[in-house]
Amino acid sequence: MYRKMIILFLIVPLLLTGCWDRQELNDQAIVLGWGMDLAEDGVYLATANLVLPLASKSGGQQGGEQGGRSGFMTESAYGKNNRDAEQNMQRKLSRVLFPGHRRNIFIGEKLAERGVFSILDEYSRSPMVRRGRIFLSSEGGRRRRR
């Protein structure tokens, strides 16, 4: 009986392990750059520069294009705050946003005038933002609402 219990305790952990929460690379939109600003009507505008990992059928292609399609795209969305704009952007995309490789975070002039403490606080507390990200403030250059 004791021997059967030991065997059971050794086999059960092997059956319970696995990649239950895995996310395939081809199902992700990797965020390289993130920009945010206020639109004319006071809503947040978030813009992301995304890398789309594509499965290359020919194998050894080089550069940013794979199979005639660019591996990069830019997407924008509006929201009540930065988080809402990010969620609205996620609804537009067929891939899951992955902000873990975000290199630059741009803060527009209108949003910076309102203060950047809450933005910096939000990003400093987020586990998805790596330390050493570059925060930049941009003058003008905001995309107009369509």
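What pattern does the protein chain follow when read along the sequence? Colour by secondary structure and trace α-β-β-β-β-β-α-β-β-α-α-β. The protein chain has 4 helices and 8 strands; here helices (H or I, at least four residues) and strands (E, at least two) are DSSP runs, numbered from the N terminus.

Before you click around, note that this is a predicted model, where local features need pLDDT of at least 70, side-chain atom pairs count only at pLDDT 80 or more, and totals for chains, interfaces and linings use all residues. Residues are numbered from 1 along each chain as its sequence is written, and side-chain values use heavy atoms, with hydrogens and water left out.

**Stop 1: the whole chain**

Show the surface. The accessible surface of the protein chain comes to about 10400 Å², and 55% of that belongs to carbon and sulfur atoms. Such areas come from the Shrake-Rupley method with a 1.4 Å probe, and for residues only the protein chains shown count as cover. Of the 146 residues, 32% count as buried. Buried means under 20% relative accessible area, exposed means over 50%, and partly exposed is in between (1.4 Å probe, protein chains only).

Now think about contacts, meaning heavy atoms within 4.5 Å. Among contacts between residues at least 6 apart in sequence, 65% join residues at least 24 apart.

**Stop 2: helix H1**

Select residues 2-16, which is helix H1, and find Ile 6 in it. Ile 6 counts as partly exposed because its relative accessibility is 38%. Next, pick out a nonpolar surface patch of about 1300 Å², whose members include Met 1, Tyr 2, Ile 6, Phe 9, Val 12 and Leu 16. Patches are made of residues with over 30% relative accessible area and no salt bridge: like charges are joined within 9 Å, nonpolar side chains (Val, Leu, Ile, Met, Phe, Trp, Tyr) within 5 Å.

**Stop 3**

Jump to strand E5 (residues 72-79) and click Glu 75. Is Glu 75 buried or exposed? Glu 75 counts as buried, since its relative accessibility is 17%. Leaving aside neighbours within four places in sequence, Glu 75 is in contact with several residues, among them Ala 46, Leu 50, Met 89 and Lys 92. Thr 47 is worth a distance label too: Glu 75 and Thr 47 are 28 residues apart in sequence, yet 5.6 Å apart in space, C-alpha to C-alpha.

Which side chain meets that of Glu 75 in a salt bridge? Show Lys 92: the two meet at 3.2 Å, N to O. A salt bridge is a side-chain nitrogen of Lys or Arg within 4 Å of a carboxyl oxygen of Asp or Glu. This pair links distant parts of the chain, with Lys 92 in helix H2 (residues 82-92) and Glu 75 in strand E5, 17 residues apart. Lys 92 is partly exposed, with a relative accessible area of 49%.

**Stop 4: the other salt bridges**

How many salt bridges does the structure hold? There are 3. Select Glu 86 and Arg 83 for another one, where the closest N and O atoms are 3.3 Å apart. Both lie in helix H2, 3 residues apart, about one turn of the helix. Arg 83 is partly exposed, at 45% relative accessible area.

Then go to helix H4 (residues 117-125), where Arg 125 and Asp 121 are 4 residues apart and so separated by about one helical turn. Their side chains meet in a salt bridge at 2.8 Å, N to O. Arg 125 is exposed, with a relative accessible area of 64%, while Asp 121 counts as partly exposed at 25%.

**Stop 5: around Trp 34**

Not counting residues up to four places away in sequence, Asn 104 touches Leu 32, Gly 33, Trp 34 and Ile 134. Asn 104 and Leu 32 are 72 residues apart in sequence but 6.9 Å apart in space, C-alpha to C-alpha. Asn 104 is partly exposed, with a relative accessible area of 24%.

**Last stop: Leu 45**

Finish in strand E2 (residues 44-51) by selecting Leu 45. Leu 45 counts as buried because its relative accessibility is 4%.
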